[in-house]
Amino acid sequence: MTGVTTPADDTTTRPDPGLCRDCQHARRIESDRGSIFFMCELSFEDSRFAKYPRLPVLVCSGYRPK
Ligand code: SF4
């Protein structure tokens, strides 16, 4: 083992979150098993947004870059 992670390996455990990656409303959550989720905190106040959006999010009216 070299400890080197290729981009292809990284994609299997860390899917591209799209806009959620740097959105002010996103909270990144990592499970005990290493799965990555993005929770949309805008969903708490606006029902148009899913609590756990399907990734990658490519278009989003709530997107606010950090
Ligand atoms: S507002 Fe859109 S881009 Fe931002 S966290 Fe929610 S779903 Fe992702």
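A: Here is a walk through the hairpin, its surroundings and the rest of the chain.

This is a predicted model, in which local features need pLDDT of at least 70, side-chain atom pairs count only at pLDDT 80 or more, and totals for chains, interfaces and linings use all residues. Residues are numbered from 1 along each chain as its sequence is written.

Start with the layout. The chain has one helix and two strands. Helices (H or I, at least four residues) and strands (E, at least two) are DSSP runs, numbered from the N terminus. Read from that end, the order is α-β-β.

Now the strands themselves. β1 and β2 form a hairpin, with five residues between them. Strand β2 covers residues 36–40, runs antiparallel to β1 and is joined to β1 by five bridges. Two strands pair if DSSP finds at least two bridges between them. In the turn, G34 has a positive phi of about 90 degrees. Most residues other than glycine have a negative phi, and most peptide bonds are trans.

Take A26 in strand β1. A residue is buried if 20 or more other C-beta atoms lie within 10 Å of its own, exposed if 12 or fewer, and partly exposed in between; C-beta atoms are placed from the backbone. Leaving aside neighbours within four places in sequence, A26 is in contact with C20, F38 and C40. Contact requires that two C-beta atoms, placed from the backbone, lie within 7 Å. A26 and F37 are eleven residues apart in sequence, and their C-alpha atoms are 9.7 Å apart.

Next comes R28. R28 also lies in β1, which spans residues 26–30. Is R28 buried or exposed? R28 counts as exposed, because R28 has 11 C-beta neighbours inside 10 Å. Across in β2, R28 stands opposite F38. Beyond four places in sequence, R28 touches I36 and F38. P17 is eleven residues from R28 in sequence, and 9.8 Å away from C-alpha to C-alpha.

In soluble globular proteins, nonpolar side chains tend to be buried together.

The ligand comes next. Which residues are closest to the ligand? They are C20, C23, C40, C60 and G62, among 13 residues that surround the ligand. A residue is near a molecule if its C-beta atom, placed from the backbone, lies within 6 Å of it. By class, this shell has eleven nonpolar, two polar and no charged residues. Here Ala, Val, Leu, Ile, Met, Phe, Trp, Tyr, Cys and Pro count as nonpolar, Asp, Glu, Lys and Arg as charged, and the others, Gly among them, as polar.

G62 sits in the segment after β2. G62 counts as partly exposed because 18 C-beta neighbours lie inside 10 Å. G62 touches H25, L42 and F49, leaving out residues up to four places away in sequence. D46 is found in the segment after β2 too. D46 is exposed, because 11 other C-beta atoms lie within 10 Å. D46 and G62 are 16 residues apart along the chain, with their C-alpha atoms 9.6 Å apart.

P56 is another residue of the segment after β2. The peptide bond from L55 to P56 is cis, with omega near -5 degrees.

Finally, confidence. pLDDT is the predictor's confidence in each residue, from 0 to 100. The chain has a mean pLDDT of 84, and 79% of its residues reach 70 or more. Confidence is highest in β1, at a mean of 94, and lowest in helix α1 (residues 7–13), at 45. Over residues 1–13 pLDDT stays under 50, and the model has two contacts there beyond four places in sequence.
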